[in-house]
Amino acid sequence: MDVFEKVQQTRPAIEGEEENLAAARALLLMEIQRQREPASSRAARRPWFIAAGALGAAAAVTAGVLVVSSITAPAPTVEAVPTRVPGPVLVPSPVPSPAPTPMTGPEVLLAAANAAAGFTPPVLAPGQYLRRAWTTSTLGLFDPELGVPGMPGYGASRATASSGWVISRSGADYAPADLRSQWYQEWGSPVAGGVYGDQAQGRAGQDAGMQAYGPAVTLFPSDAPYLPESGAEDVLWFFESLPRDPAAMVVWIDDYLGPDTQDWAEGKVGWLLIGLLSQNVGDPEMRAAMYRALSTLPGSTVGVEHDGRRTVTFDSHLAFSEVGERSRRRSTMTIDMATGLVTETTDTSEVGEGTIPSDVPDSWMTFEMSVVDSLP
């Protein structure tokens, strides 16, 4: 029997609202007092149940003798809460997010392949041309062993050069809607750049090079551009001849370029593919296949993203059989990751050797694509 039942059985019949309430309270207090006396075996949580029962009994007694509408609840007590001491607002420390995993060179090249495949080249209206504006900077060298100025990779060596100089030039290629139709080109005047090593010797070589470059050349008809490493074939011949399977493409280029006396099998395929991609023409699927072929080549690394562009670097080696030494060669390409278009390329032989700083490449080119309504 719980407290509620005991109270119900022992409740006296007292007339009057106040008397009934007082009697109920007295009985309730007596029962609570008796329940507090030690018991032989009582669980630790028992008093909580007793208190709950007592409160229920009090509620039952009160409900039986009172008219709810006649009860006036006491006004709530309001206590003052101390205000916060003025000071800096407490801001929870942000939980640092884990750093993203850096992309590898092959991963960036595969992403570029997807971008190239999904990029829709502009549709040219009659009379319009796709304009590829370019700027190129080329390193010249004076090699004492040759006794005359030369170009790195074409006889002269950065490792033994006593001086070097840079000459820049700008120009543009104009590609028609049908790439088999007439192309046009224009060249700007040469511009002298930096000089390294023996200053007097370097200035003299640069002046001679400026004379050899000649003045600006206004718009003139041309075939599709040729690649320096391609021999007699222009870029359209490669686009029409290359297989589209990436592995087959690598084998085809390796066979086409033939045996290399400098044993540059690691780099020559990538060198040609970078040259083709930097033309920024051709159908999207072929360009995507070229990027996939590049992703299979060894020695690629990638820099951080900048303005939606990533630069992929290829390091390979030249083996000079006559002396048994190996020299590092480096090629880079900067890719617009939204379109798969190439915006910059560099090529550097004998990286880190000689008096020419390593960050001065043998050749450096930048590209900017646009559509023009007519020829200049």
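## Exercises: aromatic contacts

A search of the whole structure, a predicted model, finds eight aromatic pairs.

**Exercise 1.** Classify the pair formed by W237 and Y256, and state which parts of the chain the pair ties together.

*Solution.*
- Start with distance. The ring centres of W237 and Y256 are 5.7 Å apart. Rings pair if their centres lie within 6.5 Å.
- Next, the angle. The planes of W237 and Y256 stand at 40°. Stacked needs under 30 degrees and edge-to-face over 60. The pair is therefore tilted.
- Now place the residues. W237 belongs to helix α6 (residues 235-241), and Y256 to helix α7 (residues 246-257). The pair therefore ties together parts 19 residues apart in sequence.

**Exercise 2.** Are W237 and Y256 buried, exposed or partly exposed?

*Solution.*
- Buried means under 20% relative accessible area, and exposed means over 50%.
- W237 has 31%, so W237 is partly exposed.
- Y256 has 27%, so Y256 is partly exposed too.

**Exercise 3.** Classify the pair of W252 and Y256, then locate both residues.

*Solution.*
- The ring centres of W252 and Y256 lie 5.5 Å apart.
- Their planes meet at 5°, so this pair is stacked.
- Both residues sit in helix α7. They are four residues apart, about one turn of the helix.
- W252 is partly exposed, at 24% relative accessible area.

**Exercise 4.** Which residues form one aromatic cluster with W237?

*Solution.*
- The cluster consists of W237, F238, W252 and Y256.

**Exercise 5.** Which residue has its charged end over the ring of W271?

*Solution.*
- The residue is R329. Its charged end is 5.0 Å from the centre of the W271 ring.

Terms used. Residues are numbered from 1 along each chain as its sequence is written. This is a predicted model: local features need pLDDT of at least 70, side-chain atom pairs count only at pLDDT 80 or more; totals for chains, interfaces and linings use all residues. Side-chain values use heavy atoms; hydrogens and water are left out. Rings of Phe, Tyr and Trp (its six-membered ring) pair if their centres lie within 6.5 Å; planes under 30 degrees apart count as stacked, over 60 as edge-to-face and the rest as tilted. Helices (H or I, at least four residues) and strands (E, at least two) are DSSP runs, numbered from the N terminus. Buried means under 20% relative accessible area, exposed over 50%, partly exposed in between (1.4 Å probe, protein chains only). A charge sits over a ring if NZ of Lys or CZ of Arg is within 6 Å of the ring centre and within 35 degrees of the ring normal.
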